[in-house]
Amino acid sequence: MKILVINGAPRKNGYTKDLLELFNSGAVAAGGLVEQIDLRDYDVRPCTGCFHCWDPNRAGKCSQNDDMAMLTEKFLDCDTLVLATPVYYYSFSALIKAFLERLLPTSLPIITQGGEIGLERNTERYPKRGPDRAALIAVGAHRNPKIMDGLVKTFELICDGIYAKPVGKLLRTESFFLDFDAGKPITGRKVRMAFERAGAELVREGWIEAQTESDASLPFTRDLETFRRNSGTYWQIASEIGAGGNDREQLRAAVSRDLRILAHELAACYDPVAAGDLEAVILFNLRDEEADNWHLTIDKGRCAASEGTHPSPTLTLETTEEILVEIILQRLDARTALARGDMKATGSKSLLGRFQRIFPAPRK
Ligand SMILES: Cc1cc2nc3c(=O)[nH]c(=O)nc-3n(C[C@H](O)[C@H](O)[C@H](O)COP(=O)(O)O)c2cc1C
């Protein structure tokens with residue numbers, strides 16, 4: 001199978017690139033021939049609407065002289081097309097849009113007899129058929145999958161228009177959260193595996209399974225409030241780093257260890273069954289000069305994280321930000337930290353003994 005991946009992400013180092021790497025590796029491992037075109041590296045100008053390509057004297061030839069003639073040959077030479085796009089204003093990026101517009105010369109100004117919305121192909125100039133299947137990969141930052149409705153509908157119409165069967169859609173919302181899935185590490189793994197599996201399925205079966213599509217879209221945040229709060233923190237960190245947070249390594253390292261995110265994730269791990277009728281306040285008193293303190297309030301079967309100190313905590317854990325992050329990420333046991341002197345506990349020792357049970361590792 002010859003797969004042509006058209007990557008319409010203007011950003012070189014974004015989430016579209018990450019997910020495409022997984023998808024392509026799955027396809028290649030399954031024996032597919034994959035060629036990825038990063039449109040940002042090519043000169044493909046939007047269609048000018050001159051209709052010169054439909055002039056009988058120059059039928060099929062565009063009036064513009066850029067890279068599209070070469071890319072058109074690649075399009076006609078593949079059997080499966082993958083359109084990969086960041087969601088820009090509820091639609092394809094302008095790079096993808098320009099690429100699609102510029103396929104007009106492959107058609108004739110004749111409404112075909114068979115198809116309802118396609119045009120007859122200019123088989124005299126372009127004898128190759130082009131893809132008979134197409135898949136969509138869309139990557140957006142918002143949480144609500146509805147933001148992709150228009151894009152998906154457009155993709156389906158495009159498939160009709162180019163006589164390709166739609167064989168799969170990988171719709172990834174909450175793109176930024178791929179960088180901080182601490183609260184849902186299992187979901188993060190499932191999403192990444194789904195992108196890889198999708199590539200393999202496309203090659204082996206000719207389509208992407210519904211379960212794989214659904215796994216690729218699994219939500220990262222449990223509610224809108226968490227999404228809003230964590231998005232706000234993400235952008236605050238990105239602006240502190242500068243340059244739009246495009247140093248992804250630095251950004252990932254910072255967001256995945258930020259207490260403004262992790263303290264809430266710890267509260268979300270709270271197990272009300274293990275806690276019983278517990279009412280308590282756990283204060284994290286941080287030794288670092290710059291770090292803010294945090295406390296967890298446990299009451300009526302619920303647990304909430306708040307920034308700042310508390311006048312009468314049931315248990316106070318004095319430690320550094322670094323150690324607390326390690327404990328929340330479950331890379332370090334609270335008791336080990338105590339034994340090593342990395343943490344000091346004052347107050348309820350029994351609550352300390354129950355800490356790990358009350359806050360188990362995230363199950364999603
Ligand atoms: C101009 C612009 C428009 C955007 N419009 C949307 C949108 O309508 N819906 C959405 O969910 N995300 C939108 N986003 C966010 C991007 O989809 C998101 O940042 C995505 O991760 C970009 O892909 P990349 O990481 O590969 O660069 C927009 C971003 C830009 C720069």
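Two residues are taken to be in contact if their C-beta atoms, placed from the backbone, lie within 7 Å. Helices (H or I, at least four residues) and strands (E, at least two) are DSSP runs, numbered from the N terminus. Axes are lines fitted to C-alpha atoms, for helices over the stretch in contact, and angles run from 0 to 180 degrees between N-to-C directions. The model described here is predicted: local features need pLDDT of at least 70 and side-chain atom pairs count only at pLDDT 80 or more, while totals for chains, interfaces and linings use all residues. Residues are numbered from 1 along each chain as its sequence is written.

Five strands, in the order S2-S1-S3-S6-S7, form an open sheet with parallel pairing, where two strands pair if DSSP finds at least two bridges between them. Strand S2 (33–38) and strand S7 (165–172) are at the edges with a single partner strand each, so one side of each has no neighbour in the sheet. From one strand to the next, the twist averages 15°. Strand S6 (residues 133–139) pairs with S7 in the parallel sense over 7 bridges, and Val139 has Arg172 of S7 as its bridge partner. Helix H1 packs on this sheet, where it touches strand S1 (2–7), S2, strand S3 (80–86), S6 and S7, and its direction makes about 145° with that of S6.

The axes of H1 and helix H5 (residues 185–204) come within 7 Å and cross at roughly 40°. That angle makes H1 oblique to H5; angles under 35 degrees count as roughly parallel, over 145 as roughly antiparallel, 65 to 115 as roughly perpendicular and the rest as oblique. The crossing of H1 and H5 is right-handed; a crossing has this hand if the near helix is turned clockwise from the far one by less than a right angle, and is left-handed if anticlockwise. On the H1 side, the contact residues include Leu19, Leu22, Phe23 and Ala27, and on the H5 side they include Arg192, Phe195, Leu202 and Val203. By class, the residues of this contact are 10 nonpolar, 4 polar and 3 charged. Here Ala, Val, Leu, Ile, Met, Phe, Trp, Tyr, Cys and Pro count as nonpolar, Asp, Glu, Lys and Arg as charged, and the others, Gly among them, as polar.

The ligand brings H1 back into view. Around the ligand are 17 residues, of which Arg11, Gly14, Thr16, Pro86 and Gly140 are the closest; a residue is near a molecule or strand if its C-beta atom, placed from the backbone, lies within 6 Å of it. Helix H1 (residues 15–29) supplies the largest share of this shell, 3 residues. The shell is made up of 10 nonpolar, 5 polar and 2 charged residues.

Next comes the mixed sheet. Its 5 strands form an open sheet in the order S10-S9-S8-S11-S12, with mixed pairing. Strand S10 (302–307) and strand S12 (343–347) stand at the edges and have a single partner strand each, so one side of each lacks a neighbour in the sheet. Direction ignored, neighbouring strands of this sheet are turned by 15° against each other on average. Strand S8 (residues 280–286) and strand S9 (residues 294–299) pair in the antiparallel sense over 5 bridges, and Val281 has Thr297 of S9 as its bridge partner. S9 also pairs with S10, in the antiparallel sense over 6 bridges, with Ala305 of S10 as the bridge partner of Leu296. The hairpin of S9 and S10 has 2 residues between the strands, and Lys300 takes a positive phi near 50° there.

Helix H11 lies across S8, strand S11 (315–319) and S12, and runs at about 135° to S8. The axes of helix H9 (residues 259–268) and H11 (residues 321–328) come within 10 Å and cross at roughly 40°, which makes H9 oblique to H11. H9 passes H11 in a left-handed crossing. Leu259, Leu262, Glu265 and Leu266 of H9 meet Glu321, Val325 and Ile328 of H11, and the residues of this contact divide into 5 nonpolar, no polar and 2 charged.
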